[in-house]
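Work through the exercises below with the sequence and the 3D structure at hand. Try each task before reading its solution.

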Amino acid sequence: MSLGQWVACGVTSLVIAASLTVYAGYRDTLSIETEAINTDAWGDRPEQVAGIHNILLLGGDNESEGKRPDVLVVVNINVDNGTVTMVNLPRDLIVDIPRCDPVGDFPGWSGGPQQINHAATYGGLDCLGNTVETTTDIHLDHMVMVDFAGFENIVDTIGGVELCIPEELDDPKAHLSLDPGTQTLKGEQALALARSRYSTEHKNDMGRIKSQQRLIGAILRKVTSGETLSKPTTIYDFLGSVTDSMVTDDGFTVDKMAELAIAMREVDLSRINMVMVPVVDSQTHEYKVDPQQPAADDLFAAIAAGDVLPEDESGDEGEGGESEEPAVEPGDVSVRVLNGTVQVGLAETVRGLLENQGFTVSEIGNPGPRNPEQSTIYHAPGQEAAAQTLAGALDTVRTEEVPEFGEELELVMAADWDGLAGDGSAQTDGSGEGALDGLDTASAAEDTADCA
């Protein structure tokens, strides 16, 4: 029940395909279903930044017949520097939904905290757009929703997508059954993978979002290949599979998509990034999540200003003539998280935070023989760099070498524990430098899964 991500794929692909000359001949035959949006009733809105286009992409679930989206993605398109950043907002994110008046079949809402996707149930796309804009302080230019059939058609129209499946995946609830190895997924298989939460490591929506991001990258790589865009008939079929599956705000016309296409036709896949807003377990709603602060607001601020950039590939060098890249990436660090405090459930919370930043948490529990008075990262000889990478993501923590340790680190939280580093996710001085640092970010340019 997670299709909003593929709208991102569809729109971005449409943007690329529409720039071709053949598009002009098909433009008048394409039609898109629209829904009226009254942004004048939203009150004071965030400032619109020149050169920045923000599109809210949605995917409806089956149970609500599309009225309550399962996936919400803010797609930030920066025309000036040729970058696209897709920010997933988990459907279970608890936010303050503003008052929404009843309209048509929608009952309205008096205002208050509730999971973000319920806003669409209360007041349709209008209420949901107002909620997302209020939550993120990001000016939304347009909204798009796609359905299940549309996603399957998109994948099948381009001949399937190649994806690495590191291990066997089996989820009867999502009708998913995949053997390990690199294989070409058809529309039905890709949809099953996108819907499956029980095939992910922690069987939750956060893991499912990672699967969706990998699928987006695979679709974009296929769509931008010469094979897909080489035949006018294939382009037309693809455009039809996208537009036939869309519901947009009444201002997002095909012509406006074409205008955006012209501006973004040279976008490089390495400059398309996907990231999920950092979250923590909700303090008010069981089994839901809250935005992790200040990292979430820092990310939103960078998106709103158009300052989120992919990793610098310009080859900038320091004074010594060598690039200053971290010796160890978070994805290469495995750690045990042990709770030496009196705070119940702290280890589980920290596990989620660290995994959101890309670290691997092998287990959680209580301290064993090492129960320090200060929060400490224990590491083996030769693992200093890994320990420093982890320490850089935390506040008030020391490191200590233990001769008998293996490659895995051990984090023991003590009474002085002060959480994750408050400045590790983004800067708020307007530069945007490092806005994605420390967050679990995926690029559309390549799939990082290992099928060797």
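A strand is a DSSP run of E with at least two residues, and strands are numbered from the N terminus. The model used here is predicted.

**Exercise 1.** Find the strand that holds Glu410, and decide whether Glu410 is buried or exposed.

Solution.
- Step 1: Glu410 belongs to strand E20, which covers residues 409–413.
- Step 2: The relative accessibility of Glu410 is 4%.
- Step 3: Buried means under 20% relative accessible area, so Glu410 counts as buried at 4%.

**Exercise 2.** Which side chains make polar contacts with the side chain of Glu410?

Solution.
- Step 1: The side chain of Arg336 makes a polar contact with that of Glu410, at 2.9 Å.
- Step 2: The side chain of Arg370 is joined to that of Glu410 by a polar contact of 2.8 Å.
- Step 3: Both arginines are also listed as contacts of Glu410 when neighbours within four places in sequence are left aside, as are Val335, Leu338, Thr376, Ile377, Tyr378 and Phe405.

**Exercise 3.** Locate Ala391, classify it as buried or exposed, and list what it touches.

Solution.
- Step 1: Ala391 is in helix H12, residues 384–391.
- Step 2: The relative accessible area of Ala391 is 15%, so this residue is buried.
- Step 3: Not counting residues up to four places away in sequence, Ala391 touches Ile377, Val397 and Thr399.
- Step 4: Between the C-alpha atoms of Ala391 and Thr376 the separation is 9.0 Å, and the two residues are 15 apart along the chain.

**Exercise 4.** How many helices and strands does the protein chain have?

Solution.
- The protein chain has 12 helices and 21 strands.

Technical notes: Residues are numbered from 1 along each chain as its sequence is written. This is a predicted model: local features need pLDDT of at least 70, side-chain atom pairs count only at pLDDT 80 or more; totals for chains, interfaces and linings use all residues. Side-chain values use heavy atoms; hydrogens and water are left out. Helices (H or I, at least four residues) and strands (E, at least two) are DSSP runs, numbered from the N terminus. Buried means under 20% relative accessible area, exposed over 50%, partly exposed in between (1.4 Å probe, protein chains only). Contact means heavy atoms within 4.5 Å. A polar contact is a pair of N or O atoms within 3.5 Å; within protein, one must be able to donate a hydrogen and the other to accept it, and residues adjacent in sequence count only if both atoms are side-chain atoms.
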